[in-house]
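Subject: Structure handover

Hello,

Here is the structure for you to take over, with notes on what was found in it below. Please read the notes with the structure open.

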Amino acid sequence: MLDDVLEGLAGRQKTLPSRLLYDARGSDLFEDITALPEYYPTRTETAILTAAAPDLSRRIGEGAVLVEYGAGASVKTRILLDALEALAGYVPIDVSEDMLAKTKPLLQQDYPELPIHPVVGNFLVPPPLPDIDPRARRVGFFPGSTIGNLDDADIETFLAGAAEELGPDGLLVLGVDLKKSPDILIPAYDDAQGVTADFNRNLLVRINRELGADFDLDAFRHEARWNEADSRMEMHLVSLADQSVTIGGKRFDFAAGETIHTENSRKFDLDELDAVLAAGAWSREATYTDPGQLFSVLLLGRA
Ligand code: AVJ
């Protein structure tokens, strides 16, 4: 983590890896974001999945193993757990051991027969799957448009890794946020209650705590920007003054107005996405969307 932080802050445009947003506090703040009125993705994807569940269940068939990449609190997963027949297992993968440990007993209570095998790890480098029936069909679940937080190289790595891990008859249920007006996007990433601002600034709180840095939290403000050329929302932390910060014995200078770029959240056009999927050996077998075309859930099979 120290190396990643030092490297990110050494560039001309300072950056920090968005995966560091998800410590215990950050994961809780993200769960709060999903309930905000401005944050349309979660409720829209939930509605799409609920409507699509019977069709997904029919296409997936009985006795599959569900593997979730970046499971968090496994909230949307329950829609699939309710709909899929005779699941042979559920493998939630997440970087937060706390979150996995908290979630497992809650899920087990509601799905007493379901074998649950949590795996701590970064889904980009899919960790080895636990002992599960090798004959069971493997179905990946990557909701929330988390794929939008990855750059092209990481998307390719992820799709190839998932293809390898899920096997030749594997399927992938993928949630993608669609391109839309900045009038909808900007409030979704800069809500009136300031929860997203706290989520973004928590990155500095974490770096202060875990790496002994001395960021002045009141000297940075949250900013959500629409980048049209790259079709993505960006989160930045804007330095409010000329200041310097020390991390791991290294000093970093900030000019007033200079930013740390902390997250990209790409908004997809499905035709453009098809090319990316094809390069990663996947193709669309079914496409589900909401009436407002805000978000889409895709069922992918191997190309
Ligand atoms: C983790 C991809 C679902 O990019 O929309 C929410 C993270 N960042 N608000 C997204 C996030 C700011 C979120 N996902």
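Helices (H or I, at least four residues) and strands (E, at least two) are DSSP runs, numbered from the N terminus. This is a predicted model, in which local features need pLDDT of at least 70, side-chain atom pairs count only at pLDDT 80 or more, and totals for chains, interfaces and linings use all residues. Residues are numbered from 1 along each chain as its sequence is written, and side-chain values use heavy atoms, with hydrogens and water left out.

Two loop residues

Leu 129 lies in the loop between strand 4 (119–120) and strand 5 (138–142). Its relative accessible area is 18%, so Leu 129 counts as buried; buried means under 20%, exposed over 50%, and partly exposed in between, with a 1.4 Å probe and protein chains only. Setting aside residues up to four places away in sequence, Leu 129 touches Val 67, Val 91, Arg 138 and Glu 165, where contact means heavy atoms within 4.5 Å. Between the C-alpha atoms of Leu 129 and Asp 218 there are 43 Å, and these two residues are 89 residues apart along the chain.

Lys 76 sits in the loop between strand 2 (65–69) and helix 4 (77–83). With a relative accessibility of 16%, Lys 76 is also buried.

Domains

The domain assignment gives domain 1 (2–33 + 182–266) and domain 2 (40–180 + 268–302); such bounds come from an automatic or database domain assignment. Taken over C-alpha atoms, the centres of domain 1 and domain 2 are 27 Å apart. At the interface, 18 residues of domain 1 are in contact with 20 residues of domain 2.

About 1500 Å² is buried between domain 1 and domain 2, and carbon and sulfur atoms give 49% of it. Buried area here is the accessible area (1.4 Å probe) that two parts lose on being put together, summed over both. Of the area that domain 1 buries against domain 2, Glu 31, Ile 184 and Arg 266 supply 39%, more than any other three residues.

Four residue pairs are in polar contact across the interface of domain 1 and domain 2, both residues being at pLDDT 80 or more. A polar contact is a pair of N or O atoms within 3.5 Å; within protein, one must be able to donate a hydrogen and the other to accept it, and residues adjacent in sequence count only if both atoms are side-chain atoms. On the side of domain 1 that touches domain 2, helix 2 (24–33), helix 7 (182–189) and strand 11 (259–266) each supply at least two residues. Helix 7 gives the largest share of that side, five residues. By class, that side of domain 1 has seven nonpolar, five polar and six charged residues. Ala, Val, Leu, Ile, Met, Phe, Trp, Tyr, Cys and Pro count as nonpolar, Asp, Glu, Lys and Arg as charged, and the others, Gly among them, as polar.

Salt bridges

Side chains of opposite charge can pair when their charged atoms come close. The structure holds 22 salt bridges, each a side-chain nitrogen of Lys or Arg within 4 Å of a carboxyl oxygen of Asp or Glu. Three salt bridges are counted between domain 1 and domain 2.

- Glu 228 and Lys 179 pair at 3.4 Å, N to O.
- Arg 135 and Asp 133 pair at 3.1 Å, N to O. Arg 135 is exposed at 72% relative accessible area, whereas Asp 133 is partly exposed at 33%.
- Arg 201 and Asp 198 have their closest N and O atoms 3.5 Å apart. The two are three residues apart in helix 8 (residues 195–211), so about one helical turn separates them. Arg 201 is partly exposed at 24%, and Asp 198 is partly exposed at 35%.
- Glu 234 and Arg 232 pair at 3.0 Å, N to O. Glu 234 is buried at 8%, and Arg 232 is buried at 19%.
- Asp 23, Arg 206, Arg 209 and Glu 210 are linked in a network of salt bridges.

Positive phi values

Ser 231, a residue other than glycine, has a positive phi near 45°. Ser 231 is in the loop between strand 7 (220–227) and strand 8 (232–239) and is buried, at 12%. Ala 281, also not a glycine, has a positive phi near 70°. Ala 281 is in the loop between helix 9 (270–279) and strand 12 (282–289) and is partly exposed, at 30%.

Regards
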